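Here is a friendly walk through a chain, written for someone who likes to see the cut-offs next to the values. Have a look at the model first, and then read on.

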Amino acid sequence: MLMQAQEEKERKKELGKEESNDNSIKDCVDIDPKTYCKLGHFHLLLEDYAKAMSAYQKFFKLKPDHWKDACFLYGLGLVYFHYNAFQW
């Protein structure tokens with residue numbers, strides 16, 4: 001019984017190490033938020049509005065002063081217009 005508990009504890013440790021390695025890899029990748037804005041523009045040109053919206057939302061989340069970027073606002077406005085998601 002004690003051996004089983006120790007083996008399970010070791011397995012959990014190993015799984016924890018693997019998960020922490022995956023998280024450390026994700027944490028060290030630093031992508032400029034402007035890249036997501038450009039990706040949104042690209043998908044907008046391809047008329048893939050769902051992916052454009054996703055990229056613009058990622059930019060919105062990463063960039064605290066997103067409201068200063070006119071290109072972002074214009075692209076996001078076009079996506080909102082496509083989905084009729086605007087108010088007068």
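## Fold and surface

Starting at the N terminus, the elements of the chain follow the order α-α-α-α. That makes 4 helices and 0 strands, where helices (H or I, at least four residues) and strands (E, at least two) are DSSP runs, numbered from the N terminus.

Before going further, please keep in mind that this is a predicted model, in which local features need pLDDT of at least 70, side-chain atom pairs count only at pLDDT 80 or more, and totals for chains, interfaces and linings use all residues. Residues are numbered from 1 along each chain as its sequence is written, and side-chain values use heavy atoms, with hydrogens and water left out.

The chain has 88 residues, and 20% of them count as buried. Here buried means under 20% relative accessible area, exposed means over 50%, and partly exposed is in between (1.4 Å probe, protein chains only). The accessible surface of the chain comes to about 7,500 Å², and carbon and sulfur atoms account for 58% of that surface. These areas come from the Shrake-Rupley method with a 1.4 Å probe, and for residues only the protein chains shown count as cover. As for contacts (heavy atoms within 4.5 Å), take those between residues at least 6 apart in sequence: 42% of them join residues at least 24 apart.

Helix H3 covers residues 49-62.

Which residues of H3 are buried? They are Tyr49, Ala52, Met53, Ala55, Tyr56 and Phe59. These residues lie on the same side of H3, because they cover an arc of only 165° around the axis. The arc is taken over the directions from the helix axis to the C-beta atoms. As background, an α-helix has 3.6 residues a turn, so residues three or four places apart point the same way. The cover over the buried residues of H3 includes H2 and H4.

## The aromatic cluster

A search of the whole structure turns up 2 aromatic pairs. Rings of Phe, Tyr and Trp (its six-membered ring) pair if their centres lie within 6.5 Å; planes under 30 degrees apart count as stacked, over 60 as edge-to-face and the rest as tilted. Both pairs are set out here.

| Pair | Centre to centre | Angle between planes | Arrangement |
|---|---|---|---|
| Tyr56 and Phe72 | 5.9 Å | 70° | edge-to-face |
| Phe59 and Phe72 | 4.8 Å | 50° | tilted |

Tyr56 lies in helix H3 and Phe72 in helix H4, so their pair ties together parts that are 16 residues apart in sequence. Phe59 is also placed in helix H3, so its pair with Phe72 in helix H4 links parts 13 residues apart in sequence. Tyr56, Phe59 and Phe72 form one aromatic cluster.

## Salt bridges

How many salt bridges does the structure hold? There are 2, where a salt bridge is a side-chain nitrogen of Lys or Arg within 4 Å of a carboxyl oxygen of Asp or Glu.

One of them joins the side chains of Lys34 and Asp69 (2.9 Å, N to O). This pair links distant parts of the chain, with Lys34 in helix H2 (residues 33-45) and Asp69 in the loop between helix H3 and helix H4 (70-82), 35 residues apart. Lys34 is partly exposed at 31% relative accessible area, whereas Asp69 is buried at 12%.

Another salt bridge brings together the side chains of Asp48 and Lys51 (3.9 Å, N to O). Asp48 is partly exposed, with a relative accessible area of 26%, and Lys51 is partly exposed at 48%.

## Two backbone details

Glu47 is not a glycine, yet it has a positive phi of about 60°. Glu47 sits in the loop between H2 and H3, and it is exposed at 58% relative accessibility.

Asn84, also not a glycine, has a positive phi of about 55°. Asn84 belongs to the segment after H4 and is exposed, with a relative accessible area of 59%.
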